[in-house]
Amino acid sequence: LNELRIRTNGALGVDQTTGRIIGIGDDVTDSSTGSAEALVASWTGSQASVKGDVQVTVLSSDQFLLPGLIDTHTHAPQFAFLGIGHDLPLMDWLEKYTFKHESSFKDIELARNFYSGAINRVISNGVTFAAYYGTIHVESNRILADTIRKAGQRAFVGKVCMDVNSPSYYSESTAESIAGTEQFVKAVLGDQGNESGARLVTPIVTPRFAPTCSMESLRGLGDVARRYQLPVQSHLCENPSEVAFVKQLFPDCTSYADVYHRAGLLGKRSIMAHCVHMGAEDIRLLRESGACVSHCPTSNFALGSGIADVRRLMNNGIPVGLGTDVGGGYTPSILDAMRMAAAANRALIAGRRDRGEILEGRDGVPLEAGEAVFLATQGGARVMGMADQLGSLDSGKLFDAIVVDLNVPLSPVPAVSSTPAVKCLEDHPDEAWRVRLEQFVFLADDRNITRVYVNGNLIHAKQT
Ligand code: GUN
Ligand code: FE
């Protein structure tokens with residue numbers, strides 16, 4: 001988390017057939033193994049078998065590779081009303097905008113026309129792996145899953161379930177929630193057959209949140225997750241009125257997290273979004289079950305939900321990743337989520353100091369750029385249950401990565417290599433890339449993300 005690994009003049013080899021990293025080395029330009037062919041030979045152990053098939057891509061001195069960015073929480077249908085209604089608190093925002101808009105995805109032609117544009121926007125922001133919520137409609141969700149698979153992105157896709165406390169025009173029965181989820185799961189698993197390589201799109205069991213789900217549906221969904229060994233996603237402790245409503249709806253449960261726990265929905269493969277207003281028992285249940293948190297600071301600031309205490313969650317051993325929560329969040333940019341995570345953490349520290357609290361260890365240390373990158377990569381990989389396969393550029397892992405180009409104007413700075421910050425580091429060349437990474441985190445946007453790879457395949461390249 002607080003150990004940044006930077007390789008300069010490095011080289012990385014990918015096996016195109018498996019999509020895996022086969023080797024990674026430092027300082028290739030001044031070592032005796034200076035040629036790509038020699039490096040590949042040392043990685044594969046047999047120069048003859050790979051010769052002729054080796055494709056070499058050279059990055060410029062302003063470019064670098066990062067592990068692919070992971071969005072652990074977003075809503076694909078909500079891209080249509082970005083930036084609208086953020087003056088409303090969560091429950092009013094859902095009622096006035098979100099449910100009405102999502103209900104229109106009953107029309108599968110709308111889904112067909114809409115989803116490809118939304119997915120392309122996510123990919124062009126450098127997101128190689130995302131956990132998507134769809135709508136309640138099985139057919140439209142199939143189109144969403146299919147669109148993602150064809151675009152080559154890695155994803156979890158969920159059929160949203162809501163059988164109570166939902167408007168008549170956007171609601172389903174308990175049986176429809178459970179049977180619809182199973183139908184969607186079978187369809188997505190079946191659509192991908194036994195294609196070579198890892199499955200790109202995995203269905204995820206998705207009760208919207210406790211207020212719109214009966215205990216019977218939650219239990220049924222927990223059962224589906226267990227039978228098909230699938231991940232689960234939902235919202236937890238986002239807003240004070242929501243938390244109070246859950247308490248009123250489930251008087252027998254001892255906390256909000258206990259509602260999901262009793263339904264068998266909390267486990268190592270559960271992704272709980274927000275976790276802003278967590279009591280001691282909510283934290284304990286997440287810690288003991290191994291459940292993970294998607295921190296969505298852009299959304300939390302926009303809807304005024306509050307500030308999640310990421311260090312407290314991590315100190316409890318709970319895996320944390322970043323989410324954009326489009327459209328509670330107004331942008332699909334995970335870079336914005338990184339900056340907002342930094343701002344949220346600073347606001348939290350300042351508030352606690354104002355109240356006279358003594359902050360120990362790293363609790364009082366502002367979240368660094370490298371830590372924000374960790375949350376968006378390795379942190380996300382843990383939350384998605386794939387830390388052994390993804391999240392860092394290590395030999396044996398799947399090659400999900402982005403190429404960052406700093407030679408694109410970073411607002412408001414004209415060009416990075418001529419900025420005073422880098423100039424004043426001329427005497428500290430070892431610091432230069434750390435500073436450049438910091439500038440990337442705080443200043444860059446999708447214009448600086450020039451290539452996106454998933455499973456070793458180039459799925460997006462910006463025209464230069
Ligand atoms: N809680 C339940 N549904 C939603 C949603 O669509 N967005 C956010 N931010 N919170 C929710
Ligand atoms: Fe959400």
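Is His274 buried or exposed? His274 is buried, because 30 other C-beta atoms lie within 10 Å. A residue counts as buried if 20 or more other C-beta atoms lie within 10 Å of its own, as exposed if 12 or fewer do, and as partly exposed in between, with C-beta atoms placed from the backbone.

## The model

This is a predicted model, in which local features need pLDDT of at least 70 and side-chain atom pairs count only at pLDDT 80 or more, while totals for chains, interfaces and linings use all residues. Residues are numbered from 1 along each chain as its sequence is written, and chains are lettered from A and ligands numbered from 1 in the order in which they are written.

The mean pLDDT of the protein is 92, where pLDDT is the predictor's confidence in each residue, from 0 to 100. A pLDDT of 70 or more is reached by 91% of the residues. The scores of the model are ipTM 0.99 and pTM 0.95. Where pLDDT is low, predicted coordinates should not be read in detail.

## Two domains

The protein is divided into domain 1 (11-66 + 395-461) and domain 2 (68-383), with bounds that come from an automatic or database domain assignment. Taken over C-alpha atoms, the centres of domain 1 and domain 2 are 31 Å apart. Domain 1 brings 20 residues to the contact and domain 2 brings 22 residues. Two residues are in contact if their C-beta atoms, placed from the backbone, lie within 7 Å.

On the side of domain 1 that touches domain 2, the elements giving two or more residues are β14 (401-405), α16 (429-443), β15 (449-454) and β16 (457-461). Among these, α16 gives the most, with four residues. Helices (H or I, at least four residues) and strands (E, at least two) are DSSP runs, numbered from the N terminus. By class, this side of domain 1 has eleven nonpolar, five polar and four charged residues. Here Ala, Val, Leu, Ile, Met, Phe, Trp, Tyr, Cys and Pro count as nonpolar, Asp, Glu, Lys and Arg as charged, and the others, Gly among them, as polar.

## Around ligand 1

The shell around ligand 1 consists of His75, Leu90, Leu94, Thr98, Arg208, Phe209, His235, Glu238, Ser299, Asp325 and Gly328. A residue is near a molecule if its C-beta atom, placed from the backbone, lies within 6 Å of it. Helix α3 gives the most to this shell, with three residues. The shell divides into three nonpolar, five polar and three charged residues.

Asp325, one of the residues around ligand 1, is placed in the loop between β13 and α13. Asp325 counts as buried because it has 31 C-beta neighbours inside 10 Å. Its phi is near 50°, a positive value in a residue other than glycine.

A cis peptide bond joins Val326 and Gly327, with omega about -5°. Gly327 is found in the loop between β13 and α13 (334-354).

His274 belongs to strand β11 (residues 270-274). Although His274 is not a glycine, it has a positive phi of about 85°.

## Helix α8

In helix α8 (residues 240-249), the buried residues are Glu242, Val243 and Val246. They lie on the same side of α8 because they cover an arc of only 100° around the axis, the arc being that of the directions from the helix axis to the C-beta atoms. An α-helix has 3.6 residues a turn, so residues three or four places apart point the same way.

On the other side of α8, Ala244 and Gln248 are exposed. The cover over the buried residues of α8 includes α3 (90-103) and α9 (256-262).

Val320 lies in strand β13 (residues 320-322) and is buried, with 23 other C-beta atoms within 10 Å. Not counting residues up to four places away in sequence, Val320 touches Val293, His295, Val310, Leu313, Met314, Leu375, Gly379 and Val383. Val452 lies in strand β15 and counts as buried, with 25 C-beta neighbours inside 10 Å. Leaving aside neighbours within four places in sequence, Val452 is in contact with Ile123, Gly126, Thr128, Ile402, Ile459 and His460.

Thr44 is found in helix α1 (residues 36-44). Thr44 counts as partly exposed because it has 16 C-beta neighbours inside 10 Å. Thr44 and Leu66 are 22 residues apart in sequence and 23 Å apart in space, C-alpha to C-alpha.
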